[in-house]
Amino acid sequence: MDLIFRKVDITSEKDIREFGETMDALTSHAEDTELLKKKIAKTNANEDEYLMVAEDRESGRICGSLYAMVMGDFCAECKPFMLVENVAVHKDFQRRGIGKAMFAELEKWAKEKDAHYLMLTSSLNRTDAHEFYRAMDYTEAKGFKKYF
């Protein structure tokens, strides 16, 4: 599959719709389109954040997405690390190498940002995703969340 990696175009209703449909692989997508567009615009403007979408070159369809943010660190050499969230592949495109290709592209960006490591979060019930991450040489570490 030939993929294009890019940011979400907030002026494109198609992009907003297809991004939302892709996010449905994780949870229901944001219903407030204007709020979503504002959040995406803010993210797109920040050089240390990347809301990546994978677009199938042939169909022009957004088929995957992930969100990454460069985080400062004060340990060792004070190199930043990268936090990865909201990794999703549209249900119609799963098991075609899209996740692997997105992570390869993300790791290039992480190296450009001189990140020391990537840290990603995943819900406990996403066991298929956990197997994928292990296959990509990510090691499991314990973490905690508190929702408000």
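**The interior and the surface**

Modeller: The largest nonpolar core has 26 residues, and those with the most contacts inside it are Leu-66, Met-82, Val-84, Ile-98, Met-102, Phe-103 and Leu-106. A nonpolar core is a set of buried Ala, Val, Leu, Ile, Met, Phe, Trp, Tyr and Cys residues joined through side-chain atoms within 4.5 Å. Buried means under 20% relative accessible area, exposed means over 50%, and partly exposed lies in between (1.4 Å probe, protein chains only).

Biologist: Which strands and helices each supply at least two residues of this core?

Modeller: They are strand S2 (49-56), S3, S4, H3, S5 and H4. The largest share, six residues, comes from H3. Helices (H or I, at least four residues) and strands (E, at least two) are DSSP runs, numbered from the N terminus.

Biologist: Before we go on, what kind of model is this?

Modeller: This is a predicted model, in which local features need pLDDT of at least 70 and side-chain atom pairs count only at pLDDT 80 or more, while totals for chains, interfaces and linings use all residues. Residues are numbered from 1 along each chain as its sequence is written, and side-chain values use heavy atoms, with hydrogens and water left out.

Biologist: Back to the core, then. What does Leu-106 touch?

Modeller: Not counting residues up to four places away in sequence, Leu-106 touches Met-52, Leu-66, Ala-68, Met-82, Val-84 and Leu-118. Contact here means heavy atoms within 4.5 Å.

Biologist: Which residues of helix H1 are buried?

Modeller: In helix H1 (residues 13-23), the buried residues are Asp-15, Ile-16, Glu-18, Phe-19, Gly-20, Thr-22 and Met-23. The buried residues of H1 pack against strand S1 (3-7), helix H2 (33-45), S2, S3 and S4.

Biologist: Asp-15 is in that list. What does Asp-15 form a salt bridge with?

Modeller: Its partner is Arg-6, and the closest N and O atoms are 2.7 Å apart. Both Asp-15 and Arg-6 are buried. A salt bridge is a side-chain nitrogen of Lys or Arg within 4 Å of a carboxyl oxygen of Asp or Glu.

Biologist: How many salt bridges are there by this rule?

Modeller: The count comes to 16 salt bridges. One of them joins the side chains of Glu-105 and Lys-108 (3.5 Å, N to O). Because Glu-105 and Lys-108 are three residues apart in helix H3, about one helical turn separates them. Glu-105 is partly exposed, with a relative accessible area of 24%.

Biologist: And what about Glu-131 and Arg-134?

Modeller: The side chains of Glu-131 and Arg-134 also meet in a salt bridge (2.7 Å, N to O). They are three residues apart in helix H4 and therefore separated by about one helical turn. Salt bridges that share partners also join Lys-14, Arg-17, Glu-18, Glu-21 and Arg-61 into one network.

Biologist: Let us change topic. How much space lies in the largest pocket?

Modeller: The largest pocket holds about 790 Å³ of space. It is lined by 21 residues, and the closest to its centre are Leu-120, Thr-121, Ser-122, Glu-140 and Ala-141. On a 1 Å grid over the protein atoms alone, a pocket is an open set of points where a 1.4 Å probe fits, with protein on both sides within 12 Å along at least five of seven lines; lining residues have an atom within 4 Å of a point. A volume is the space filled by probe spheres set on the points, which are joined across faces, edges and corners.

Biologist: Which elements each supply at least two residues of the lining, and what is the lining by class?

Modeller: Strand S5 (118-120) and helix H4 (127-135) each supply at least two. By class, the lining has nine nonpolar, six polar and six charged residues. Ala, Val, Leu, Ile, Met, Phe, Trp, Tyr, Cys and Pro count as nonpolar, Asp, Glu, Lys and Arg as charged, and the others, Gly among them, as polar.

Biologist: Finally, what is the phi of Cys-78?

Modeller: Cys-78 has a positive phi of about 60°, although it is not a glycine. Cys-78 is found in the loop between strand S3 (62-71) and strand S4 (81-89), and at 47% relative accessibility it counts as partly exposed.
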